[in-house]
Amino acid sequence: MTLVRVRRNIQIGYERMSYTPPSQPDSPEKLRVRFAPSPTGYLHVGGARTALFNWLFASHFGGTLVLRIEDTDLERSTPEMVGGILQGLQWLGITWDEGPYYQTRRVDLYRAAAARLLENGAAYYCFCRREELEARRSKAAQEGRPTRYEGTCRRIGRGEALRRKDAGEPAALRFAVPENGSTGFDDAVFGNVEFANTELEDFVLLRSDGSPTYHLSVVADDIDLRITHIIRGADHISNTPKQVLLYQALGAAMPVFAHVPLILGPDRTRLSKRHGATSVTTYREEGIVPEAFRNFLALLGWTPPEGIPEVLSDEELIRLFGLDAISKSNAVFDRDKLDWFNTEYIRTYPAEKLLPLVEEEWKRAGVTPTRDRNSLLAAIDLLKARARNLKDFVGSFRAFFTEEFEPDPAAVEKFLKDASVRRMLVELGERYAVAQDFSEQGTEKVLRDFAAEKSVKAGALINGARVALTGQGVAPSLFAVMSNLGKERTTQRLKNAPSLVVTPAAR
RNA sequence: GGCGCUAUCGUCUAGGGGUUAGGACGGAAGAUUCUCAAUCUUCAAACCCGGGUUCGAUUCCCGGUAGCGCUACCA
């Protein structure tokens with residue numbers, strides 16, 4: 001069964017591997033993609049998914065992933081805000097090959113491109129004042145007319161424009177969009193998308209202070225960095241024709257555009273802060289394992305071939321990933337499924353891999369383990385099958401690592417209510433104190449013999465002992481717990497059983 | 001408002017002119033057991049609406065509706 005599945009994977013992987021990106025028929029090694037976030041201080045879930053898709057795509061074809069920080073909005077960007085994004089990528093295990101480039105440091109490039117466009121006749125100076133434009137726009141909106149710029153300054157003669165500019169009149173540089181025809185592109189995900197040129201306004205390239213705007217800098221950068229495939233959020237679809245026009249006006253080769261659908265909150269609106277966590281670092285803090293998050297993100301909008309299980313290592317993800325299997329419709333962020341991925345990963349991790357992650361949780365929660373490394377590893381191995389989240393290791397599993405734990409009152413109430421059970425547990429503790437064999441079998445024999453001797457159901461003692469030993473009504477098999485905890489703790493905690501009821505807990 | 005994109009179980013999706021419309025998460029029931037998780041077995045759950053085209057549309061076409069996106073001297 002397993003063999004068959006593996007072989008099938010390989011076949012499918014090979015098929016996908018043989019797909020050659022349209023723009024680079026003979027040299028897939030020249031494939032270059034980029035992730036270009038704005039520095040908002042943290043890595044957004046949607047951005048993380050875009051970054052992941054770029055990374056998977058580049059890795060699949062052995063291409064290059066470029067990281068570029070789009071910080072041309074001086075008002076909103078500070079250098080410190082880049083840190084959060086880099087950390088988020090690092091946590092997710094997404095590595096880049098080039099960069100980060102900072103757009104604010106590449107302004108000369110954009111100005112040069114702008115100069116070329118001005119020379120070309122593809123761009124013109126606009127002397128309209130901001131307030132003036134805003135007034136016109138709001139009036140047009142009120143009257144139900146289109147609000148786009150009508151090209152007032154486009155009609156100013158070149159000579160006059162240059163003269164006014166030289167005279168020091170503030171001017172923005174606008175792109176002259178062709179007055180008729182249409183502009184389209186063949187999207188790798190959405191297929192052919194066309195826009196009438198009359199729908200595109202003469203957008204600003206350079207602000208009147210000389211700073212470049214988004215469209216100019218992205219295109220100039222993507223050309224300069226020789227980006228072959230632009231994989232980004234579908235919110236950019238409407239921007240793309242403007243950029244296509246820019247590529248044409250600059251005489252550059254057109255990249256392949258691949259727009260990926262957006263990630264929505266449970267209410268089907270765009271994922272935002274009011275849906276809870278939008279920053280990947282939050283998931284880290286919530287006890288999600290990075291691989292689980294990555295796997296989950298990969299499956300949001302992309303589907304592996306039929307018959308392939310959804311839990312996929314990064315190697316498998318890379319092998320299987322392709323633009324052709326990206327969905328066109330937006331996807332809702334499903335926290336339940338993320339949690340499922342998380343448990344899938346945690347339970348299959350070797351304890352050695354889990355320990356450092358768990359140690360981070362202990363540190364955060366102020367837990368100082370009172371056991372040596374080997375028994376900690378053994379405890380983690382015992383517990384991981386029941387873990388859903390790293391937080392469990394400081395929550396319900398706490399008694400396995402430290403003496404400072406608080407019994408769950410509900411569990412005490414349920415299993416230690418009976419005073420005779422408590423008395424028997426104390427007595428049982430004495431038996432364990434002199435027990436030789438502390439293996440699972442050994443500890444089980446002691447309890448079952450004791451139960452038979454007292455003619456009580458073993459189950460009642462088992463459940464009671466579980467609470468006494470772990471403070472929880474839910475834990476792994478009791479005898480595995482005893483064997484893991486060892487003689488000392490087992491006897492001690494059993495003898496302590498009555499105190500759990502009288503005094504809820506000592507902290 | 002204009003333009004663009006999208007539309008299969010609650011969610012992520014597969015599929016495609018004739019299918020018992022498949023899988024995964026979640027949900028329900030049962031088995032197992034010292035609890036819980038896991039595991040196993042079952043079950044419920046979907047083709048947005050209306051017109052075409054066709055012998056036959058969930059699938060193709062058109063329209064509607066809804067959702068989302070863009071509509072800045074933001075990115």
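In what handedness of crossing does helix 16 pass helix 17?

First, some ground rules. This is a predicted model, where local features need pLDDT of at least 70, side-chain atom pairs count only at pLDDT 80 or more, and totals for chains, interfaces and linings use all residues. Residues are numbered from 1 along each chain as its sequence is written, chains are lettered from A and ligands numbered from 1 in the order in which they are written, and side-chain values use heavy atoms, with hydrogens and water left out.

Okay, the answer: helix 16 crosses helix 17 in a right-handed way. Right-handed is when the near helix is turned clockwise from the far one by less than a right angle, and left-handed is when it is anticlockwise. Helices here are DSSP runs of H or I with at least four residues, strands are E runs with at least two, and both are numbered from the N terminus.

Two packed helices are described by the angle between their axes and the distance between the axes. For helix 16 (residues 419–433) and helix 17 (residues 440–454), that's about 135° and 11 Å. Those axes are lines fitted to C-alpha atoms, for helices over the stretch in contact, and angles run from 0 to 180 degrees between N-to-C directions. So this pair counts as oblique: under 35 degrees is roughly parallel, over 145 roughly antiparallel, 65 to 115 roughly perpendicular, and the rest oblique.

Who touches whom? On helix 16, Met424, Glu427, Leu428, Arg431 and Tyr432 meet residues of helix 17 including Val446 and Phe450, with contact meaning heavy atoms within 4.5 Å.

Now, a second pair. Helix 7 (residues 214–224) and helix 8 (residues 240–249) have axes that come within 10 Å and cross at roughly 55°. They're oblique too, and their crossing is right-handed.
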